[in-house]
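Reader: I would like to go through this structure term by term. Please set each value against its cut-off before you conclude.

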Amino acid sequence: MKNLSVKGLIKYGEGNEKSGGVKILILVSLLTVYTIFFTVTKNILIATFASVIWVITAYAFRTFEFDALESLNEQLVRILVSSFFSGMFILLPELTDTPNFSGKQILKGLLYTYFATPFLNYVLYNFLFLRLSKPRHYLVIGRKEEEVGRILDEITEKSRGKIVFEEFLNPSPAVLKVKLDNFNDILVADFELYKRVKHILEPYKSSKKIEYLSDLSEKILRRIPLEVVDRFREYYEIEFENAKESPTKRILDMFGAILGLVFFAPIILIAAVAILIEDGPPVVFKQLRVGKNNKEFMIVKLRSMKKQTDGQARFADQEKDRILKIGKIIRPTRIDEALQFWNILKGDMSLVGPRPEQIPFVREFEQKIPYYSYRHKLKPGLTGWAQIMYQYSSTLEEVKRKLEYDLYYIKNRSTLMDLRIILQTIEAVFWRRGAK
């Protein structure tokens, strides 16, 4: 299990948004929040606990991502929500009569933090990081084909112009030797071409940074484009085949499922009564879905639509006219999914993983989308990386994009990542993003 510390969080953040800037912002925020809480409480342990919890929650609520950092209003809103949730955790010691602990002091610390950190993040990002950090110019080993070109353009856009792909080579040894003197950063976009000139690049490994498109696209885009899988197929096939779930994940699933069933029981009961009143029985919707290793299982959820007559598989946005009045409440808030804690308890599902899809759709996508079957290497999840990172998908191209996020999760899954996804699911409900 990876270290669930701020050090571990920063290490995980290195693969995300333009790593250096994220690391600086996390460290500055940590120091700022620690200073505020220590000034208020005069207690090193409380200040440390509060600052760590606050930074982890703020990170989970995307406070340190570029889209949020560019807008002061977005910073104010996200830090307000993350402060609310972090405050609930920070105040837990008061319930245990911890000595030298004052709830009023913590609330004061949270208030000072809320007024300090949004402006600090905004200033650091806009006036230091964007203006002082220099762009990295890459020499690309590979042709500028349309598919790869789109990926590279997206990387440049996501990095806010800090990563620039300047020249492309279908390299011959003579040309490569001349070009190498002009670049410090080399990107391998075609592994087959790279193998032809690998001997030339060997002496430069200590003086130049040689990266693979597979690594760079994962770091910046946080998904694995299918075109990149094609170009590094042998590498990815080994990674996906070796994907497995740790015993820690099952422990987290059991704990989360029991906690979820206890917490949501009253809400499930209220929603069930509302469904009965509006549309009669049945209250529970059951459907076969595809799970781990392509095994089918029966998923359960609160019924949020009027009774179906033809039994055909459809995307949710094709059936908006069937959504119940209570469904318009329980679907966006994902209360209708709460019964799936039972599926998790049984072992059919996990808290986090690729969402289980209907059998007819799975069989269709397996025929039309390469590598689709790899998403069944892990148990399906109540929530997932694709759900928090991408919109609801209802077309083949959107399903492909969502698969790219699922593949990223399958390759990079960790306990820290699972905890982040769980927290960001709450954020997704607040911001009304992702799956419907």
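Reader: Why is Phe191 called partly exposed?

Author: The relative accessible area of Phe191 is 29%. Buried means under 20%, exposed means over 50%, and partly exposed is in between (1.4 Å probe, protein chains only). The value for Phe191 falls in between, so the residue is called partly exposed. This is a predicted model, in which local features need pLDDT of at least 70 and side-chain atom pairs count only at pLDDT 80 or more, while totals for chains, interfaces and linings use all residues. Residues are numbered from 1 along each chain as its sequence is written, and side-chain values use heavy atoms, with hydrogens and water left out.

Reader: What makes Tyr194 buried?

Author: Tyr194 has a relative accessible area of 2%. That is under the limit for buried, so Tyr194 counts as buried. Both Phe191 and Tyr194 belong to helix 10 (residues 191–201), where they are three residues apart, about one turn of the helix. Helices here are DSSP runs (H or I, at least four residues), strands are DSSP runs of E with at least two, and both are numbered from the N terminus. An α-helix has 3.6 residues a turn, so residues three or four places apart point the same way.

Reader: How many aromatic pairs are there, and what makes the pair of Phe191 and Tyr194 tilted?

Author: The count is 21 aromatic pairs. For Phe191 and Tyr194, the centres are 5.7 Å apart and the planes are at 40°. Rings of Phe, Tyr and Trp (its six-membered ring) pair if their centres lie within 6.5 Å; planes under 30 degrees apart count as stacked, over 60 as edge-to-face, and the rest as tilted. Elsewhere, ring pairs join Tyr235, Tyr236, Phe240, Tyr371 and Tyr374 into a cluster.

Reader: How do you know that the length of helix 5 agrees with what it should span?

Author: The expected span is 1.5 Å times one less than the number of residues. Helix 5 (residues 72–90) has 19 residues, so it should span 27 Å; the end C-alpha atoms are 25 Å apart, which agrees. Its buried residues include Ile79, Val81 and Phe85.

Reader: Why is Phe61 called buried?

Author: Its relative accessibility is 0%, which is under the limit, so Phe61 counts as buried. Phe61 sits in the loop between helix 3 (44–60) and helix 4 (66–69). From Phe61 to Val81 there are 20 residues in sequence and 8.1 Å in space, C-alpha to C-alpha.

Reader: What makes Arg136 and Asp185 a salt bridge?

Author: Their side chains meet at 3.2 Å, N to O. The pair links distant parts of the chain: Arg136 is in strand 1 (residues 136–141) and Asp185 in strand 3, 49 residues apart. A salt bridge is a side-chain nitrogen of Lys or Arg within 4 Å of a carboxyl oxygen of Asp or Glu. The distance is within that limit, so the pair qualifies. Arg136, at 27%, is partly exposed, whereas Asp185, at 10%, is buried.

Reader: How do you know that Lys301 forms a salt bridge with Asp336?

Author: The closest N and O atoms of Lys301 and Asp336 are 3.8 Å apart. This is within the 4 Å limit, so the pair counts. Both Lys301 and Asp336 are buried. Salt bridges with shared partners also join Arg62, Glu65, Arg222 and Arg420 into one network.
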